[in-house]
Protein chains: 2
Amino acid sequence: MDARPVSMRIKLESYRASKDGERGLANCPVRTVIDTLGGRWATLLLSALAEKPYRFGELRRLVPDISQRMLTQTLADLQRDGYVHREVFPTKPPSVEYSLTDLGRSMFEALAHVLGWAERNHQAVRTARAAYDRAAEGIE
Amino acid sequence: MDARPVSMRIKLESYRASKDGERGLANCPVRTVIDTLGGRWATLLLSALAEKPYRFGELRRLVPDISQRMLTQTLADLQRDGYVHREVFPTKPPSVEYSLTDLGRSMFEALAHVLGWAERNHQAVRTARAAYDRAAEGIE
DNA sequence: CAGCATCCCACATGATACTG
DNA sequence: CAGTATCATGTGGGATGCTG
């Protein structure tokens, strides 16, 4: 019996094409998901929407650093992948509300493990980086 | 009392600087972690190393698509963040073994939730994308 | 065997201006 | 309010050749 915890038994095969004949990483299950989440703003917007639905302008104020272009585009990417629902209210001027779908909530539940880990351990990572950089400094 | 599951209560503040005075996303706890993991090869190499330690050449054969440049660089990034331990054996010619550190194993345990979700749900994501693209097609 | 140095380009992201 | 369009740029990543 495999003594490793379940979480350690992710199969490397999951990174390859799901069907023979498909080449490269285009069809890789993991990359299908990570490519969208790896962007600079996706996890941030997902965290906001996990809290509650928000409108475009509210998100903009919530994340002042994001440009309007990237806010629009990231939301579109998340909607395209089925994580986010976009609802237009034909008021005047119009308002648009964004919310997580069931798929999005399901995915965020998994992602939250990483976000939680990051909250708890980012200092350890920073410390490791500083040590690595200090060691590299001595060599040059 | 907050009825949301623990995983939903990731605080948006975690994305901001950990200390006042630090501006932008440079000091964001989540970005500190995600910036490294978001790359094209990091999760793939971590999955391999979670299985067992590997040498440079073994990793290269395991992941034929990766260029030598990116294999070296990604491993260095992972080592710098403290996820990976690099051990040089002064044989001739030299061999170098890479393995997960305790920090790396801890982090991968969280990451595995996302990888597992991706394995189980990538088809749903692909389906959502196809539907979105089909709808967009009709408009143009 | 396990890298490093160099060149190069596509693409992700930002800045700015305009619109229904 | 919630976008779109356009231009500019930094950098992630590939290709290739060299080295201890």
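**Figure 1. B:Arg129 and A:Asp81 form a salt bridge with their closest N and O atoms 2.6 Å apart.** The pair crosses between chains, with B:Arg129 in helix H5 (residues 102–139) of chain B and A:Asp81 in the loop between helix H4 (68–80) and strand S2 (84–89) of chain A. In these legends a salt bridge is a side-chain nitrogen of Lys or Arg within 4 Å of a carboxyl oxygen of Asp or Glu. Helices (H or I, at least four residues) and strands (E, at least two) are DSSP runs, numbered from the N terminus. B:Arg129 is buried at 17% relative accessible area, and A:Asp81 is buried at 2%. Here buried stands for under 20% relative accessible area, exposed for over 50%, and partly exposed for anything in between (1.4 Å probe, protein chains only).

Before you go on, a word on the model: it is predicted, so local features need pLDDT of at least 70 and side-chain atom pairs count only at pLDDT 80 or more, while totals for chains, interfaces and linings use all residues. Residues are numbered from 1 along each chain as its sequence is written, chains are lettered from A and ligands numbered from 1 in the order in which they are written, and side-chain values use heavy atoms, leaving out hydrogens and water.

**Figure 2. The side chains of B:Asp81 and A:Arg129 meet in a salt bridge, at 2.6 Å from N to O.** This pair joins two chains, because B:Asp81 lies in the loop between helix H4 (68–80) and strand S2 (84–89) of chain B, and A:Arg129 in helix H5 (residues 102–139) of chain A. B:Asp81 is buried, with 2% relative accessible area, and A:Arg129 also counts as buried, at 17%. A search of the whole structure finds eight salt bridges over all chains.

**Figure 3. Within chain A, A:Arg31 forms a salt bridge with A:Asp35.** Their closest N and O atoms are 2.8 Å apart. The two residues sit four apart in helix H1 (residues 29–37) of chain A, so about one helical turn separates them. A:Arg31 is buried, with a relative accessible area of 5%. As a reminder, side chains of opposite charge can pair when their charged atoms come close.

**Figure 4. In helix H5 of chain A you will find A:His122.** Its side chain makes a polar contact with the side chain of A:Arg126 at 2.7 Å. A polar contact is a pair of N or O atoms within 3.5 Å; within protein, one must be able to donate a hydrogen and the other to accept it, and residues adjacent in sequence count only if both atoms are side-chain atoms. A:His122 is buried, with 11% relative accessible area.

**Figure 5. Three strands of chain B form an open antiparallel sheet in the order S1-S3-S2.** Strand S1 (54–55) and S2 of chain B stand at the edges with a single partner strand each, so one side of each has no neighbour in the sheet. S2(B) and strand S3 (residues 95–100) of chain B pair in the antiparallel sense over six bridges; two strands pair if DSSP finds at least two bridges between them. Look for B:Glu87, whose bridge partner in S3(B) is B:Glu97.

**Figure 6. Chain A has five helices and three strands.** From the N terminus on, its elements run α-α-β-α-α-β-β-α. Of the 140 residues of chain A, 44% count as buried.
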